[in-house]
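Student: Could we go through this model together and check each term against its cut-off?
Tutor: Gladly, let's take a look.

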Amino acid sequence: MNLKEIIFNLCSTSGVSGSEEPAVNAAKEYLESFAKVSVDNNGNLFAELGNLNSEKTILLDAHIDRIGLFVTGIDNNGFVKVDKCGGVDIRTLQDSSLVLQSNPDIVGTVCCMPPHLSDGKEDTAVSIDKTYVDFGMSEAEIKKHIKIGDVLTFNTEPKMLLNNKICAPALDNRCSVASLIRCAELLSSEHSLEYKVVIMLSVQEETFGTGAKTGAFSINADEAIAVDVSFASQPDVTGQYSKIELSKGPMICISPILNREISDKLIAIAEKSEIPYQLEPISGATGTNADNIAVTKCGVKTSVVSIPQRYMHTPNEVISLDDVENTAKLICEYIKCGGAFNA
């Protein structure tokens, strides 16, 4: 499989939190070649491979939902009132192009006050409660196409940058989904896996974490790795993330709420296999699905591997294709050696 094409396809697919079906269907087509695939009541996608009769299960999670906007009203002039669905960076909204998830032919632009008519505060982001979208239609026309509760996504397309880097919307977290699809492809050539491996592409991480909470409960895994994105260096970033670079490998998280044996095993595997990696120490909650997976049922031994990313929660996030491939390789090697608790 062509990893770039997978990422471009996934990032061009809608699937805002709570409405993930288009993205789930796209990922399902890839995973069906390597695994037994199913979808649960909440919309989580599961792909099972390895020894399906094993008493031990290793869970790999990546959330498949993306941030977007939620229609909350339509005014008398046909302007559509919206709210955030997930952590949209409102600084990037003004004059952005948006598309209706259920009908990509319906395109609008976020209303933006010309500086000539502003109050002199044009450098301040417009609050979400004052954000409207112009679809070029009257109130009567717009109500034929859009209703309260519809969702909108950014109308931007993935692009290749130099040095094997990608700029796209929804790289959080579609690049992690792509890494697990690639991992499944790598594992499919292994005919002697001792354990059951379940890939969970979970829903609603950006809003309430429903997918990971219920999905991990149903799987009842022995150990788990949540794959997500985290912060890479960019201008004005200080502290530990100023040292995280694109193309220098996945980030292995170390946190008191995570299982240290898994983190240590991932580090050892990376060094033995000469896979580049970076460390991400977090002193508390990780802000990923791992926080929910670790406390499901009687507890699941859990760790986090993250793909470095710039400009998170904007229409033009940036990652390195090399980091996605190395994330897949690292997790594949981890699975092949039986995880952290192989006797």
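This is a predicted model: local features need pLDDT of at least 70, side-chain atom pairs count only at pLDDT 80 or more; totals for chains, interfaces and linings use all residues.

Tutor: Residues are numbered from 1 along each chain as its sequence is written, and side-chain values use heavy atoms, with hydrogens and water left out.

Student: Why is Val-82 called buried?
Tutor: Buried means under 20% relative accessible area (1.4 Å probe, protein chains only). Val-82 has 0%, so Val-82 is buried.

Student: What does Val-82 touch, leaving out residues up to four places away in sequence?
Tutor: With contact meaning heavy atoms within 4.5 Å, its partners include Leu-69, Phe-70, Ile-128 and Leu-152.

Student: What makes a set of residues a nonpolar core?
Tutor: Its members are buried Ala, Val, Leu, Ile, Met, Phe, Trp, Tyr and Cys residues joined through side-chain atoms within 4.5 Å. The largest such core here has 62 residues, with Ile-7, Tyr-334 and Ile-335 among those with the most contacts inside it. A second, separate core of 20 residues includes Leu-69 and Phe-135.

Student: How do you know that strand 13 and strand 16 pair?
Tutor: Strands are DSSP runs (E, at least two residues), numbered from the N terminus. Two of them pair if DSSP finds at least two bridges between them. Strand 13 (residues 223-231) and strand 16 (residues 301-309) have nine bridges, in the parallel sense. Asp-228 stands opposite Ser-306 in strand 16.

Student: And which sheet has the order 1-2-12-3-13-16-14-15?
Tutor: An open sheet of eight strands, with mixed pairing. Strand 1 and strand 15 stand at the edges, each with a single partner strand, so one side of each lacks a neighbour in the sheet.

Definitions and conventions. Buried means under 20% relative accessible area, exposed over 50%, partly exposed in between (1.4 Å probe, protein chains only). Helices (H or I, at least four residues) and strands (E, at least two) are DSSP runs, numbered from the N terminus.
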